[in-house]
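Let's take a walk through this structure together. Have the sequence and the 3D view open, and try to find each piece as it comes up.

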Amino acid sequence: MKNLIIALVFLSLGFSLKAQNYIPSASNLKQREWFSDARFGLFIHWGPFSIPGSGEWVMNDRKLTVHNYTNLQDFFNPIDFNAAAYVSMAKNAGMKYITLITRHHDGFSMWDTKYSDFNIMNTPYQKDIVKMMADECHKQGIQLYLYYSLLDWRREDYPHETGRTGQYSGRKGNGDYASYLQFMKNQLTELLTNYGKIGGVWFDGHWDQTQPEGSADRSSRIDWKYDEIYSLIHKLQPQCMIGNNHHLTPFAGEDFQMFERDLPGENTSGLSLQQASDKLPLETCETISNSWGYNLSDTSYKTKTQLIKMLVKASSLGANLLLNIGPMPSGKVQPEFQDRLAAVGEWLNIYGESIYSTKAGFIKPQPWGSITQKENKVYVHVLDPKNSSILVDKTPFKKITKAYLLKDKKPVKFLSKNGHTEIYTGFSTEEIDNVVVLEILN
Ligand code: H79
């Protein structure tokens, strides 16, 4: 018994030492920097789950068995999918990367994988979507990040007996995590070997094995052995950034932190209980409509103004915005998504300087708007110009040498005294964002 306890202590010590030993490679640090500078990416939720038009959780929500759900494989034939058009659409929106669903909770693999028959090659389409997207991204100079679900509603070896979701799929017996872990490692090895440079892996589904939100115990019912998964990824592609949507403080080995439908520090979703990391790059993901995967009845498209304000707020908190589209089963992207992406791109053509490669503002977002900054420039984003002037407190610089509108360089009046700066606006309420540039001496 005593020996067993000693062995266990050593084992757990070994695990934590290994996990804490993670030192990101130089190429990983460079990739993190690239990522932070990029600020804006496209999330694509698409696959056979798009067919019923009820979002990507349809298997769980309609209590579909694995047997019945598998029929979707016979109908997935996205004749309107065009990787070049997807990538150009993202580029024209001012986005610098694409995060693609490779395998969601339903367990369908969007690439030519040896490790599951439920994959794109066994649909009438028979073409490797991940490959087409990867080739096109590399060709057009946009980076590819891969979404990969840790949770699987289909496989018998996933520890489904302790899972909080996917309980109606008709699986028998208990999972076998060692087998499931090996499966994930095999698939990740394919993804990180056959598709060129991958910017990062976006894990999701950890929460399937945690205690209910709000409970003091945030531990997982299974040991995911992230040290093994993460070290495999970093071994295959050292620059590849790992993020995990577990809604907890980042684990060792992770390279960025994400927030789902919340800005860092907010918790409107009820899921974002985690503090924003002050070390890792941050990313917030949001949908253009209300759904991730295609939803036939969802017409609640956010306006271009809402989307731009979201991007500005994320930037001013030092976070990227990963904005989602859920294309139709045919591969066609709804015109409502296309129009809004194009509109944000036009805005970024003029205002991009105040977004890309900026840092979080020295103050948090205010009722009037927010701040981003870069070198000797402070960008004051007046999003809601109710008053004729705005006051920026605690300005951490010596002197403002110049103040002007970013749009047309027209000078803006200001008064700066004792660390308080008043900017006289008379701004247009028509503008989505009156960006004032302050050139400063530190
Ligand atoms: O891929 C998209 C979603 O399908 C996936 N993440 C984004 C990017 C996602 N959907 N929901 N969630 C993540 C979190 C879900 C949490 C809940 Fe539950 C599901 C709350 C209630 C049901 C599981 C069971 C977690 C809490 C209870």
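The chain splits into two parts: domain 1 covers 24-358, and domain 2 covers 361-441. Keep in mind that you're looking at a predicted model.

**How the two domains meet**

- On the domain 1 side, 18 residues are in contact with domain 2, and 18 residues of domain 2 are in contact with them.
- Put together, the two domains bury about 1600 Å² between them. Carbon and sulfur atoms account for 66% of that area.
- Which residues of domain 1 lose the most area to domain 2? They are Ser316, Tyr351 and Glu353, and together they make up 37% of what the domain 1 side buries.

- Two elements each give two or more residues to the side of domain 1 that touches domain 2: α10 (304-316) and α11 (335-351).
- The top contributor is α10, which gives eight residues to that side.
- Sorted by class, the residues on this side of domain 1 come out as eight nonpolar, six polar and four charged.

**Around the ligand**

- The ligand has 15 residues around it, and the ones that come nearest are His45, Glu56, His104, Arg164 and Asp204.
- By class, this shell holds seven nonpolar, three polar and five charged residues.
- Where does His104 come in? An N or O atom in the His104 side chain sits 2.8 Å from an oxygen atom of the ligand.
- For Asp204, look at a nitrogen atom of the ligand: an N or O atom of the Asp204 side chain is 2.6 Å away from that nitrogen.
- Glu260 also has a polar side-chain atom by a ligand nitrogen, at 3.2 Å.

Terms used. Residues numbered from 1 in each chain as written. Predicted model: local features only at pLDDT ≥ 70, side-chain atom pairs only at ≥ 80, totals over all residues. Heavy atoms only, no water. Near = heavy atom within 4 Å. Polar contact = N/O pair within 3.5 Å; in protein donor to acceptor, adjacent residues only side chain to side chain. Nonpolar A, V, L, I, M, F, W, Y, C, P; charged D, E, K, R; others polar. Domains from an automatic or database assignment. Contact = heavy atoms within 4.5 Å. Buried area = accessible area lost by both parts, 1.4 Å probe. Helix = DSSP H or I, 4+ residues; strand = E, 2+ residues; numbered from the N terminus.
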